[in-house]
Amino acid sequence: MRVSLAVIAVWAVIFIVPIAVYGLSSALTGLQPPGDSPGRFLLGVAISKFGTAVAFVLIFYLAQDPLRGQWLAYAGLWWIMFAIGEAGQAIGPDYSWEEAILGAVSEAIYFPASGLIVIWTLARQ
């Protein structure tokens, strides 16, 4: 039950934070969402972020004894992995450096928040 709760909470954070970050940027700079349909884009993001949430929570759950007290380092490693992925996407087609930077900013917010969530929901007493 705690694992399911952690997955749902982490998914909510990693789905909502980028929407807020990109939304703010869109309001300030006019950045447009990719693709033809914003709803279809958000559905794809929701599914992708759910997979990330499952992996983030389950890896922590399975290795929580050595990770106890290291949640920030754990979140930091995830951030590094995803920030490098953002840079890789920006080098390719159909993804700008502005989007990559916003993605890295989002991840710098939601991975530490997700680390706190797993500590609060999964920490063994």
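This is a predicted model: local features need pLDDT of at least 70, side-chain atom pairs count only at pLDDT 80 or more; totals for chains, interfaces and linings use all residues.
Residues count from 1 along each chain as its sequence is written. Local features need pLDDT of at least 70, side-chain atom pairs count only at pLDDT 80 or more, totals for chains, interfaces and linings use all residues, and side-chain values use heavy atoms, without hydrogens and water.

**Stop one: K49**

Select K49, in helix α2 (residues 38-62). Helices are DSSP runs of H or I, at least four residues, numbered from the N terminus. K49 is buried yet has no salt bridge. Buried means under 20% relative accessible area (1.4 Å probe, protein chains only). A salt bridge needs a side-chain nitrogen of Lys or Arg within 4 Å of a carboxyl oxygen of Asp or Glu. Now show E107, the nearest side chain of opposite charge, 4.8 Å away.

**Stop two: α2 against α4**

Select both helices. They pack at an angle of about 145°, with axes 12 Å apart. α2 contributes T52, A55, F56, I59 and F60 to the contact. From α4 come W71, Y74, A75, W78 and F82.

**Stop three: D94**

Move to the loop between α4 (71-91) and α5 (97-122), and select D94. What is the phi of D94 near? It is near 65°, a positive value in a residue other than glycine. Most residues other than glycine have a negative phi. D94 is exposed (over 50% relative accessible area), at 77%.

How values were computed: Helices (H or I, at least four residues) and strands (E, at least two) are DSSP runs, numbered from the N terminus. Lys and Arg count as positive and Asp and Glu as negative; His and the chain ends are not counted. Axes are lines fitted to C-alpha atoms, for helices over the stretch in contact, and angles run from 0 to 180 degrees between N-to-C directions. Contact means heavy atoms within 4.5 Å.
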